[in-house]
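Please look over the sequence and the fold together before reading on. The report below goes through a few selected regions.

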Amino acid sequence: MRVLLIGANGYLGRFVADRLLADPAVQLTALGRGDDADVRFDLASGSPGALTRFLDAVHPGVVINCAGATRGGARELTRHNTVAVATVCEALRRSGCGARLVQIGCAAEYGPSQPGSSTAEDAVPRPGGPYGVSKLAATELVLGSGLDAVVLRVFSPAGPGTPAGSPLGRLAEAMRRAMQSGDGELKLGGLGVQRDFVDVRDVARAVHAASLSAAQGVINIGSGRAVRLRDAAAVLARVAGYGGALHELDNPPGALRTSIGHPRGDTDHPGPVAYPYPDGCGSWQQADVRTARDRLGWRPRINLEESLADIWMEAACRI
C-alpha cells in the first residue's frame, strides 16, 4: 500500500511516520514544507493543480493529513488548517488516484462540554476559539468532499515530543526549573481543568488503523477518561521526584492549597509560575470512544503515567 503522509515532521506526524514505516506492507512518501520531506510542498500556498499532478504521478492508495497549525492568529490558522485542507480535497477530487483520505481533526472542534459528560461524534460542535473554528471548517470540507474520507478527532495528545506550549509541557518545564533552582514551591494556574489525554503513540496506531479501514465520517480518538490537570501534576511530580509544594493560583479565596510532598516552611519566597495554554474547550472534555473501538478495532494502550514519564524524561534533559 502506497501512503502519502502530509506533515510527517510535526508532533503527530513523526509518530504516524514511525508507525507506518514499521509496517512492511506500506510504501511511505512524505510531503511537507521542510527540507526533510521527500517532496516539498506548502499546502497553504500551493495550488490544487500542482498537488493533483503529484498525486497522479505517485498514485497513493491513502493520503494522511497531519499538517496544520495550533498557534497564531485567525488568518494564519485559517491558511494552515482550512485552506490547506481545501487544497488537499480539491486535488484528490481532480486526481485519478482514488486515494482514501485520513484527516487529523481535534477535540477543540467540539468546544466546551458539560462536566461529567462524554462527547460523542454526533455532538453539535461549538468551538470556543479560532483554532477550533479553523479545524471544524476543515472537517466540514472533508465530509462534504464526496471522497472516501475519515476524520479522526484527537483529544489531548500526550507523551514524547509534547510541545512546551501545551498544558503538560508547561507543567513539566516549570517543574524542571523548580528542581534546577532548588525551589520547594511551584505556583501553577488552571489546574482545575479536566482533559482527556491520549498518548501520541496510540494516536499513531489509530491513524494506521483508519488508513486500513473502510470507516468514514468522524471518529473520536481519546482515552475515554477526563483527568484533572491537578492530578496530572501530582503524577508528574512523583515521576520527577519533586518533593516541593504545589500551589494553585486560581483557587478561590480561602480554599485549601494542594501540596505535593512536603511543603517548605518559607512560603514567602516566590517560585516558578506556569499557566496552561487555553484551548477554548472550557473546564471539561471527555471523549466517547466507542466508535473507534467498533469501527477501527482501536483502544488506547498507554496510560497517562507512562506518557508523563516520557514528557518528564525529555524535559529533564533540557539544559
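## Basis of the report

This is a predicted model, in which local features need pLDDT of at least 70, side-chain atom pairs count only at pLDDT 80 or more, and totals for chains, interfaces and linings use all residues. Residues are numbered from 1 along each chain as its sequence is written, and side-chain values use heavy atoms, with hydrogens and water left out.

## Strand E4 and its partners

Helices (H or I, at least four residues) and strands (E, at least two) are DSSP runs, numbered from the N terminus. Strand E4 (residues 62-65) pairs in the parallel sense with strand E1 (residues 2-6) over four bridges, where two strands pair if DSSP finds at least two bridges between them. Val 62 of E4 has Val 3 opposite, and Val 62 also stands opposite Arg 100 in E5.

In a regular strand the side chains alternate between the two faces of the sheet. From E4, Val 62 and Ile 64 point one way while Val 63 and Asn 65 point the other way, and all are buried, which means under 20% relative accessible area, with exposed over 50% and partly exposed in between (1.4 Å probe, protein chains only).

## The E7-E9-E11 sheet

Three strands form an open sheet of mixed pairing in the order E7-E9-E11, and its edge strands, E7 (156-158) and E11 (226-228), each pair on one side only. Strand E9 (residues 194-199) pairs with E11 in the antiparallel sense over three bridges, and Asp 196 has Ala 226 in E11 opposite.

## Ala 57

Ala 57 belongs to helix H2 (residues 48-58), and Ala 57 counts as exposed because its relative accessibility is 65%.
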